[in-house]
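Hello,

Here is the structure I promised to pass on to you. Please open it first, and then read my notes below alongside it.

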Amino acid sequence: MLEGKIIKNISKYYTVIANNNYYVCEPKGKFRQEKISPFVGDDVLFDSSTLIIKEIKPRKNFLNRPRIANIDYALIVTSIKSPDISLNLLDKQITNILINNVRPLICFTKIDLATPKEKKYLDKLVTYYNHLGIKTFNNQKLEELISYLQDKIVVLTGQSGSGKSSLINKIEPSLQLKTSEISKSLNRGIHTTRHTEIYNILGMWLCDTPGFSSLDLSNYTEENIRMSFQEFANYSCEFRDCKHLKEKNCGVKKAVLDGEILPSRYENYQQFLREVKRWK
Ligand SMILES: Nc1nc2c(ncn2[C@@H]2O[C@H](COP(=O)(O)OP(=O)(O)O)[C@@H](O)[C@H]2O)c(=O)[nH]1
Ligand SMILES: [Mg+2]
Ligand SMILES: [Zn+2]
């Protein structure tokens, strides 16, 4: 038996790296009966002669969208234009990532396509999210990103067409990952990347994933959502269990009016709560 890490998955085949060798394995049949499936990032025990994965080691953390386990950071790749920035999707990803005990980072892309006005707006966002404790980068100055991510396992997430594969190509051009132009009529990306794979480049473990256009929060609780809006904890409300909705003397609502909390953050919070409630 060998121990290794899954770095790639295409249908039922999992590529495991162990002692610098690659093994293309399949999971044992029993996993299927038990409704367990290995994730890219899983540390596994496998039989190197039959190439069957026998055991999945306990996970430090995992995400279901994209599917990945044992990661240090999730880098949310967000384009300013084409596709246009969606603060709703950005906040939703942050919420999803934080609830699953993964640390979010943001990498803004396509700043070259932004108008001066849009760049100003971006500066405001950068300041806000940095203040929140979420480090932000852009794909123009990659040195900063590369030094921050040394020895880390990082999954790239974000909608199709936001520039995930292009970012990895920029760091390691020899990979030549497939990228594609976004659809002009839909202003949306095409699902070019079809599988999840971790690349070991320049001292980082970067995981490219297929994009997605929607993310479902329905498995979470109202409390999960509330905790994921970490800046809200800086304000005090009259009621200790204030949901910051219709309550009187709510510090969060006051902070929104005072311009301390971004209106988009508060709107997204309300929307995510509605999404969670709808299914309860
Ligand atoms: N102008 C501009 N285009 C970019 C940038 N980053 C990526 N692209 C383009 O955006 C399209 C989608 O990129 P891709 O990497 O396939 O996105 P993915 O779906 O997130 O992997 C491609 O045509 C890229 O060339 C950028 O910073 N500026
Ligand atoms: Mg891609
Ligand atoms: Zn409140």
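Leaving aside its neighbours within four places in sequence, which residues is C207 in contact with? They are V40, I68, V154, V155, L156, T196, E197 and I198; two residues are in contact if their C-beta atoms, placed from the backbone, lie within 7 Å.

Before going further, a word on the source: this is a predicted model, in which local features need pLDDT of at least 70 and side-chain atom pairs count only at pLDDT 80 or more, while totals for chains, interfaces and linings use all residues. Residues are numbered from 1 along each chain as its sequence is written, and chains are lettered from A and ligands numbered from 1 in the order in which they are written.

Back to C207, which sits in strand β13 (residues 204-208). Helices (H or I, at least four residues) and strands (E, at least two) are DSSP runs, numbered from the N terminus. C207 counts as buried because 25 other C-beta atoms lie within 10 Å. The cut-offs are 20 or more such atoms for buried, 12 or fewer for exposed, and partly exposed in between, with C-beta atoms placed from the backbone.

Next, look at strand β11 (residues 153-157). Five of its five residues are buried, so β11 is largely enclosed by the rest of the structure. I153, V155 and T157 point one way, while V154 and L156 point the other way.

β11 runs parallel to β13, with three bridges joining them, and W205 in β13 is the bridge partner of I153. Strand β8 (residues 73-79) is also parallel to β11, through four bridges, and here I76 stands opposite T157. Strands pair if DSSP finds at least two bridges between them.

Now for the ligand. Ligand 1 is surrounded by 22 residues, the closest being G163, K164, S165, S166 and T179; a residue is near a molecule if its C-beta atom, placed from the backbone, lies within 6 Å of it. Helix α5 (residues 164-171) gives the largest share of this shell, three residues.

Finally, the whole chain. The protein chain has eight helices and 13 strands, and buried residues make up 34% of its 280 residues. The domain assignment, which is automatic or from a database, gives domain 1 (2-56), domain 2 (62-208) and domain 3 (222-277). The centres of domain 1 and domain 3, taken over C-alpha atoms, are 43 Å apart.

Enjoy exploring!
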